[in-house]
Amino acid sequence: MKRIAIFVVGGLDDSNSGNHVPTLYGCVAKLSERYDITAYSQSRIGIEAHVGKCGNAFVKHLPVDRSTNPISRGYAFLSEFIRDHATKPFHVVHAFWGLPCGLYALSAARMKHLDVILSLMGGETAALPHVEYGRLRSFPEREIMMWVLKNTPLLVTQSEFQAWELVELGIKRERISIIPHGVEGKPFRVYKKRRIAPPYRFLHVGTLNEVKDQVSLLLAFSRISKHADATLRILGEGHLEN
């Protein structure tokens, strides 16, 4: 059975943890039915290092979190990976998120002469300084991100647009695969002839930050609610929550 090491910043905790990304968790759980997987993740702040499960995959939550300095985080990921590889060698290293995990995965793969895959999660090809978003917006992060993108043999994007952005950055199209990282459509039923009537109910789900721009959402809804019987529910957390 092919053995895969997966590097993530988080998202593989159980659904009640507050650190659960359903599509990522489901992807790794599904892959673990066919492959021998060990995932490496930083821990949540205040949570001790431990080993969990995601499907049949083992998830090693390392003794570092997002407040730990980058060098210590990188050492924790690579030292644990090297220790496991020496016991039972991996065949492939797969990272989600370009930084820091793409950098860790590329370094690990080069040290052990393994295949490496990087799945981009959105911000790797962005440069939006007005909302402080994107890995390409400032030095030295841009240079590190570009080095990872140019040297990782296989890149997976979430959309045609992100693939186009990579090509614009000088990445060859044959190195790019497109695999949408979204919600399964099968559970949802569409009622094409359904009659829409008030009260109109709007639902927004997302991280509460400048990128999602809930301020514009609230301004737009304030105009709607003056002319229609409507309610808005916002689900999410983030530094704009207050």
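1. In this predicted model, the side chains of Glu33 and Lys30 meet in a salt bridge, with a nitrogen-to-oxygen distance of 3.8 Å, and both Glu33 and Lys30 are exposed. Side chains of opposite charge can pair when their charged atoms come close. A search of the whole structure finds 8 salt bridges, and some of the others are taken up in the next two points.

2. A salt bridge with a nitrogen-to-oxygen distance of 2.9 Å joins the side chains of Lys60 and Asp84. This pair links distant parts of the chain, since Lys60 lies in strand S4 (residues 57-62) and Asp84 in helix H2, 24 residues apart. Both Lys60 and Asp84 are buried, and the two belong to a network of salt bridges that also takes in Glu80 and Arg83.

3. Arg44 and Asp13 likewise meet through their side chains in a salt bridge, at 3.7 Å from N to O. Here too distant parts of the chain are linked: Arg44 sits in the loop between strand S2 (36-42) and strand S3 (50-54), while Asp13 sits in the loop between S1 and helix H1 (22-31), the pair being 31 residues apart. Arg44 is partly exposed because its relative accessible area is 28%, whereas Asp13 counts as buried because its relative accessibility is 7%.

4. Helix H3 (residues 98-112) has 15 residues and reaches 20 Å from its first C-alpha to its last, which is close to the expected 21 Å. Its buried residues include Gly98, Leu99, Pro100, Tyr104 and Leu106, and the buried residues of H3 pack against strand S1 (3-8), helix H2 (70-87), strand S5 (92-96), strand S6 (115-119) and helix H4 (141-151). Just after H3, His113 takes a positive phi of about 55°.

5. On the surface, a nonpolar patch is formed by Ile196, Tyr200, Phe202 and Ile224, which together have about 350 Å² of accessible area. Of these residues, Ile224 is placed in helix H6 (residues 214-225), and Ile224 counts as partly exposed because its relative accessibility is 34%.

6. As for the chain overall, the protein has 6 helices and 10 strands, and its C-alpha trace spans about 65 × 40 × 35 Å along the principal axes. Buried residues make up 39% of the 242 residues, and the accessible surface comes to about 15,100 Å², of which 55% belongs to carbon and sulfur atoms. Among contacts with a separation of 6 or more, 55% are between residues 24 or more positions apart.

Definitions and conventions
Residues numbered from 1 in each chain as written. Predicted model: local features only at pLDDT ≥ 70, side-chain atom pairs only at ≥ 80, totals over all residues. Heavy atoms only, no water. Patch = residues over 30% accessible without salt bridge, like charges linked within 9 Å, V, L, I, M, F, W, Y side chains within 5 Å. Areas by Shrake-Rupley, 256 points an atom, 1.4 Å probe, with all protein chains shown as cover. Salt bridge = Lys/Arg side-chain N within 4 Å of Asp/Glu carboxyl O. Helix = DSSP H or I, 4+ residues; strand = E, 2+ residues; numbered from the N terminus. Buried < 20%, exposed > 50% of the residue type's maximum accessible area, 1.4 Å probe, protein only. Expected span 1.5 Å × (residues − 1). Contact = heavy atoms within 4.5 Å.
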